[in-house]
Amino acid sequence: MPEGDTVWNTARVIERAIAGEVLTGSDFRVPQLATTDLSGWTVAESASRGKHLLLRLTREGDKPLTLHSHLRMDGAWRAYKPGERWTGRPAHLIRVVLKTARAVAVGYHLHEVALLPTADEERLLGHLGPDLLGADWDEAEAVRRIAAHPDTTIAEALLDQRNLAGVGNLYKAETLFLRGLWPWTPVAEVEDLYGTVALAQKLVASNRGRWTQTTTGSLRRGETSFVYGRRAQPCRRCGAAIQKDEKGERITYWCPRCQMKSGA
């Protein structure tokens, strides 16, 4: 599951490559947009909201459009120079190609690809909670949304993009470890929701602008996380073996000593 900082970084890659440029061609390899031609449109902005990527397009005489995509677990965008070989992923995974005079942006294995009027973005994304990396980040609103469902586990609450947009499995696991919270603690039993939400935002924001994500402060291989990806390895605090629970895309890592169930 991608994290908000990964999508934010991806938006910056596209921004540097083609923002402000006029599209000289486009190729959509998704059925609903197969015949769409964006030649002549200018890439006005590359932005992210939570885990959603938004490419805003303008053309004189037309209403602005937004090209939306979601990376989910396996999506990616890559930028290439004209004529450069596209090496990001196998060709059959290409979903979108945007060409300009100085660069080509290629989207691999993208999900929820849609082209809509920019004015209608809220219709598509209005359900999302405050964006952890947005200029309008609102901690109090995120806490309010989480607290409105007291029986939900804190792990699920942090992953629910309707509460706050941008937390994935990595930051969920690391936030809960650092707060000493058992992942299946009901929201109603979390003593300091504000502290938990504030830490999640801090962790995501601290990794904005780089691809190596760390919550420990170290960028060295094998030292970037406390519990995430460390099943059966010793806890960095107490030495207990890190546990892992996996249900589909919901993967949870935790320390059975540092994050004990209440009353255990």
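Me: A residue is buried when its relative accessible area is under 20%, exposed when it is over 50%, and partly exposed in between (1.4 Å probe, protein chains only). What makes helix α5 count as mostly covered?

Reply: This is a predicted model, in which local features need pLDDT of at least 70 and side-chain atom pairs count only at pLDDT 80 or more, whereas totals for chains, interfaces and linings use all residues. Residues are numbered from 1 along each chain as its sequence is written, and side-chain values use heavy atoms, leaving out hydrogens and water. Helix α5 spans residues 169–179, and nine of its eleven residues are buried. Helices (H or I, at least four residues) and strands (E, at least two) are DSSP runs, numbered from the N terminus.

Me: Which residues of α5 are buried, and what covers them?

Reply: The buried residues are N169, L170, Y171, K172, A173, E174, T175, L176 and F177. Their cover includes α1 (4–18), α4 (154–159), α6 (193–206) and β10 (250–254), where contact means heavy atoms within 4.5 Å. After α5 comes G180, with a positive phi near 70 degrees.

Me: Why is E121 called buried?

Reply: E121 has a relative accessible area of 11%, which is under 20%, and therefore the residue is buried. E121 belongs to helix α2 (residues 121–125). Not counting residues up to four places away in sequence, E121 touches L54, R56, T66, L116 and G126.

Me: What makes the pair E121 and R56 a polar contact?

Reply: Their side chains are joined at 2.8 Å. A polar contact is a pair of N or O atoms within 3.5 Å; within protein, one must be able to donate a hydrogen and the other to accept it, and residues adjacent in sequence count only if both atoms are side-chain atoms. The distance of 2.8 Å is within that limit.

Me: Why is the pair E45 and R56 called a salt bridge?

Reply: A salt bridge requires a side-chain nitrogen of Lys or Arg within 4 Å of a carboxyl oxygen of Asp or Glu. The N to O distance between R56 and E45 is 3.0 Å, so the pair qualifies. E45 lies in strand β2 (residues 42–49) and R56 in strand β3 (residues 52–58), so parts eleven residues apart in sequence are tied together. E45 is partly exposed, since its relative accessible area is 35%.

Me: How do you know that R250 and E156 form a salt bridge?

Reply: Their side chains meet at 3.7 Å, N to O, which is within 4 Å. R250 is in strand β10 and E156 in helix α4, so this pair ties together parts 94 residues apart in sequence. R250, with a relative accessible area of 30%, is partly exposed, and E156 is partly exposed at 34%. Elsewhere, salt bridges that share partners join E45, R56 and E121 into one network.

Me: How many salt bridges cross the interface of domain 1 and domain 2?

Reply: The rule finds zero there, although the structure holds 14 salt bridges. Seven residue pairs between domain 1 and domain 2 are in polar contact (both at pLDDT 80 or more).

Me: What area do domain 1 and domain 2 bury between them?

Reply: About 950 Å² is buried, 60% of it on carbon and sulfur atoms. D5, N9 and K51 supply 49% of the area that domain 1 buries against domain 2, more than any other three residues. Buried area is the accessible area (1.4 Å probe) that two parts lose on being put together, summed over both. Domain 1 covers 4–126 and domain 2 covers 139–254, with bounds from an automatic or database domain assignment.
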